[in-house]
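Thanks for coming. I have one model to show today, and I will keep to what was computed from it.

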Amino acid sequence: MDGLAAPATIGRRTRRIALLLGYSLLSATHLGLWLYVLRSIDYSVLLPNLDFMGMYMGGYLLLHGHAAQVYDVATQLHLHQSFTAPAQPLTYLLFIYPGWNILVSLGMAALPYPLAFISWTALNVALIVVTTLRLVGVAAQDRMQRLPLTLALLGFQPLAYALWQGQLSIVIWFGVTMAVLALRRGREREAGLWLLLGLLKPQILIIPLLALLVAQRRQMLQTFIMGFTVLFGLSLLLLGNWLPGYLNLVSGFLQGAPAIREAVNRMPNWRGFVFHLLGTSDSGPALSLIIMLTLLTAACVIVVYWPRRGAREPSLPVRFAVSFLPGFLVAPHFYAHDATVGLAIGYVLWAAAAGADQRLRLLRALLIAGPFVFWLQGFVREIEPMEIGACYILVLLAGIAWAWPVLEQAPSTALHQPARSLATVGVPER
């Protein structure tokens, strides 16, 4: 793993070439699948059945004077049918997001749906470019690491799927990355502002916010709370009291109401893990196990992030980034494309795991395996009796726990060199 940056020997060169080929094949797989689908399916049929439709419909209903029906299931189902007519929807897509997401949805819904999707995709591509440059600049210890790190990112199946579906995950990934970079510069208030982008899918923030609260990061939390208050207030002005309708919709969604049932078997979280273990996530024993695992996860986070004077632990940016991993497991609604956010975690950890210690080597090996694991998660979804995405997160958390005392100890760790890492991507310090 460290051979990516070390002088070329036959063994290290072979490993590097193998990784380059492997990550290139992953990227080629995504591109080939896209081309195949575009050639095989009528684009006018495909577009209204992508996840982007759910976000679009919320703003569309508001713009057309139906603010009170934004969370009405029957209204949304009828609207989706009108977009796919004369064909029926392949699967029903709904605006299941909190009210403040309407601020993003409005901007898209002002455009015709095809143009809105193209514009959203262009924005996501721009964010991918910017975020990739930032993360590779932080993680790469030298030029030899830049290409494999870039290919690993481009070969990450959740990222490709999020782009394909027009999902919100890429925007959240960008926000988390920028928050981590702000923390590296000691700007907690700026980090709190960037973290507001995570509210597009607030379930992802449950554990990270708990970690910040336990760690007593007051400036970051205060800024986040003030920003949240503004967004919540704006949503009330636009939609009125949307909370009852939203909670009713989410309740029906989680309980598997007709036409809007979740695919729990595809979730790399505790719900998916329990589903594959017991064959259900809705029974009494299954719900009890999910609650127990959630509480156990929260307890572990409290123990790990509780302030200790003189304790040897990684820097705040690393600890904040790592908190998202248990957050993925706890989030009740979490699909593989949401794991795009994990790229920020992986690249921060790669930089922190520089060094010769065997614990750091193991952690880097696990990070290298990530794109391959999630490729299997995406293309071999029914591996029984386990949920491979959740299992990988658990194994990665175990590797992090083992390496925790020695993270960032190497003098070449990029996280200790903010000026250098930002300069490598041509971005001046602010």
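This is a predicted model: local features need pLDDT of at least 70, side-chain atom pairs count only at pLDDT 80 or more; totals for chains, interfaces and linings use all residues.

The mean pLDDT of the protein is 85, with 87% of its residues at 70 or more. Two stretches need a caveat. Residues 1-8 stay under 50 in pLDDT, and the model gives them 24 contacts beyond four places in sequence. Residues 412-430 are also below 50, with 46 contacts in the model beyond near neighbours in sequence.

Now the overall make-up. The protein has 430 residues, and 52% of them count as buried. If we take the contacts with a separation of 6 or more, 76% of them join residues 24 or more positions apart.

The helix I start with is H3, residues 52-63. H3 has 12 residues and reaches 17 Å from its first C-alpha to its last, close to the 16 Å expected. How much of H3 is buried? The count is 10 of the 12 residues, so H3 is largely enclosed by the rest of the structure. The buried set includes Phe52, Tyr56, Leu61 and Leu62, three methionines, Met53, Met55 and Met57, and the glycines Gly54, Gly58 and Gly59. What do these buried residues pack against? Their partners are the helices H4 (73-84), H5 (102-109), H6 (113-139), H8 (157-165) and H12 (218-239). After H3 comes Gly65, with a positive phi near 80 degrees.

Next is H20, residues 388-403. H20 has 16 residues, and its end-to-end C-alpha reach of 22 Å is close to the 22 Å expected. Among the buried residues of H20 are Ile388, Tyr392, Ile393, Leu396 and Ile400, along with Gly389 and Gly399.

H20 also brings us to the pocket. The second largest pocket has a volume of about 400 Å³. Which elements give two or more residues to its lining? They are H15 (284-305), H17 (324-330) and H20. H15 gives the most, with 6 residues. In total, 15 residues line the second largest pocket, and those nearest its centre are Cys300, Val301, Val304, Pro326 and Leu397. By class the lining is 14 nonpolar, 1 polar and no charged residues.

Notes
Residues are numbered from 1 along each chain as its sequence is written. Side-chain values use heavy atoms; hydrogens and water are left out. Helices (H or I, at least four residues) and strands (E, at least two) are DSSP runs, numbered from the N terminus. The expected span of a helix is 1.5 Å times one less than its number of residues. Buried means under 20% relative accessible area, exposed over 50%, partly exposed in between (1.4 Å probe, protein chains only). On a 1 Å grid over the protein atoms alone, a cavity is a set of points where a 1.4 Å probe fits but cannot get out, and a pocket is an open set with protein on both sides within 12 Å along at least five of seven lines; lining residues have an atom within 4 Å of a point. Grid points are joined across faces, edges and corners, and a volume is the space filled by probe spheres set on the points. Ala, Val, Leu, Ile, Met, Phe, Trp, Tyr, Cys and Pro count as nonpolar, Asp, Glu, Lys and Arg as charged, and the others, Gly among them, as polar. Contact means heavy atoms within 4.5 Å. pLDDT is the predictor's confidence in each residue, from 0 to 100.
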